[in-house]
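Colleague: I have not seen this structure before. Could you take me through it?

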Amino acid sequence: MYRTRAALALAALLAAALLPVPAAVAGPVDDAAGTPAQESSLVADPSLVVLVNALHPLEPLDYEPARLADAGSGHRMVPEAAASLRRLLAAAAGAGHALRIESAYRSYAQQEALYAGYTRRYGAAYAAQISARPGTSEHQTGLAADIGLASGECSLLACFGDTAAGQWVAAHAAEYGFVVRYPEGLEQVTGFRYEPWHLRFLGAGPAQEMAALGDETLEAYTERLERRAAAAARPRHVLRPAPEHPPWYPATFPRWALGLPA
Ligand SMILES: [Zn+2]
């Protein structure tokens, strides 16, 4: 009787141990899905962190944001991004840097026309390095903006990054939820040349976390988020049976190995 009860209790214990531990009760979980843990609470709205590039096109290709708001001078963005860009530009102005928006939301049709224009002017290979095919542009998400000096100097040129304003933007963008999306020397990762003027909105939590963790590209950061989500989905503290002895392993130690006379 005792043995049976003990066996049942053990079986129940094992079964419980083998069940996936719900993320919510497993303590702080490194998880992108927004469970209440220190790090993951930063990722308030995962849709803002969406990765869009040549390998990750929008679905559908002619995707349009549900709502757009004026970010300034008639340039539209997703409302949260528009409001944050306004705050960033105001803070930059307060620090003595007069900036303007060069471009923000672009529809599929607008991107198509732009891409066709670049292709005609520069050829297909170069056009692909400086512009995204329609359906693969962050501008089409309403979460990206190109900014530049109000003077027009270095407009959409790498030298914007060397200006005091460009450096202020690189240093402070994350506070407003933006990242400089195409950093210098990471063309192999992002597919784009250095674009110090192209800001991508992620929300302040993810943007600051990305900077704090040293993830230089959204490609690297979203890969990290995927690893986190996978780790959170994996069962933890699973009891596993000890591995079988491999066939070459002696069932009993030879006497000499135990220091006994043969
Ligand atoms: Zn851009």
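Modeller: The answers below go from the whole chain to the sheet, the core and a few loop residues.

Colleague: Before that, what kind of model is it, and how are residues numbered?

Modeller: It is a predicted model: local features need pLDDT of at least 70, side-chain atom pairs count only at pLDDT 80 or more, and totals for chains, interfaces and linings use all residues. Residues are numbered from 1 along each chain as its sequence is written.

Colleague: How many helices and strands does the protein chain have?

Modeller: The protein chain has 8 helices and 6 strands. Helices (H or I, at least four residues) and strands (E, at least two) are DSSP runs, numbered from the N terminus. From that end on, the elements run α-β-β-α-β-α-α-β-α-β-α-β-α-α.

Colleague: And how much of the chain is buried?

Modeller: Buried residues make up 28% of the 262 residues. A residue is buried if 20 or more other C-beta atoms lie within 10 Å of its own, exposed if 12 or fewer, and partly exposed in between, with C-beta atoms placed from the backbone.

Colleague: Which order do the strands of the open sheet have?

Modeller: The open sheet has 4 strands in the order S3-S4-S6-S5, with antiparallel pairing. Two strands pair if DSSP finds at least two bridges between them. Strand S3 (99-103) and strand S5 (178-182) are the edge strands, and each pairs on one side only.

Colleague: Staying with S5, how many of its residues are buried?

Modeller: S5 is mostly covered, with 5 of its 5 residues buried. Leaving aside neighbours within four places in sequence, Val179 is in contact with Ala173, Ala174, Arg200, Leu202, Ala207, Met210 and Leu218. Two residues are in contact if their C-beta atoms, placed from the backbone, lie within 7 Å.

Colleague: How many residues does the largest nonpolar core have?

Modeller: The largest nonpolar core has 37 residues, and those with the most contacts inside it are Met77, Leu85, Ala145, Ala173, Phe178 and Val179. Such a core is a set of buried Ala, Val, Leu, Ile, Met, Phe, Trp, Tyr and Cys residues joined through C-beta atoms within 7 Å. The largest share of this core, 5 residues, comes from helix H2.

Colleague: Tell me about H2, then. Which of its residues are buried?

Modeller: The buried residues of H2 are Ala81, Ala82, Ser84, Leu85, Leu88 and Leu89. They lie on the same side of H2, because they cover an arc of only 165° around the axis; the arc is that of the directions from the helix axis to the C-beta atoms. An α-helix has 3.6 residues a turn, so residues three or four places apart point the same way. What covers the buried residues of H2 includes strand S1 (69-72), strand S2 (75-77), S3, S4, S5 and S6.

Colleague: How far does H2 reach, and what comes just after it?

Modeller: H2 has 16 residues and reaches 23 Å from its first C-alpha to its last, close to the 22 Å expected at 1.5 Å a residue. The expected span is 1.5 Å times one less than the number of residues. Just after H2, Gly96 takes a positive phi of about 95°.

Colleague: Changing topic: where is the cis peptide bond?

Modeller: The cis peptide bond joins Glu59 and Pro60, with omega about -5°. Pro60 is in the loop between helix H1 (2-18) and S1.

Colleague: Which residues other than glycine have a positive phi?

Modeller: Among them are Cys154, with a positive phi of about 60°, and Leu156, with phi near 55°. Cys154 is in the loop between S4 and helix H5, and Leu156 lies in the loop between S4 and H5.

Colleague: Why does Cys154 count as partly exposed?

Modeller: Cys154 counts as partly exposed because it has 18 C-beta neighbours inside 10 Å. Leu156 is partly exposed too, with 15 other C-beta atoms within 10 Å.
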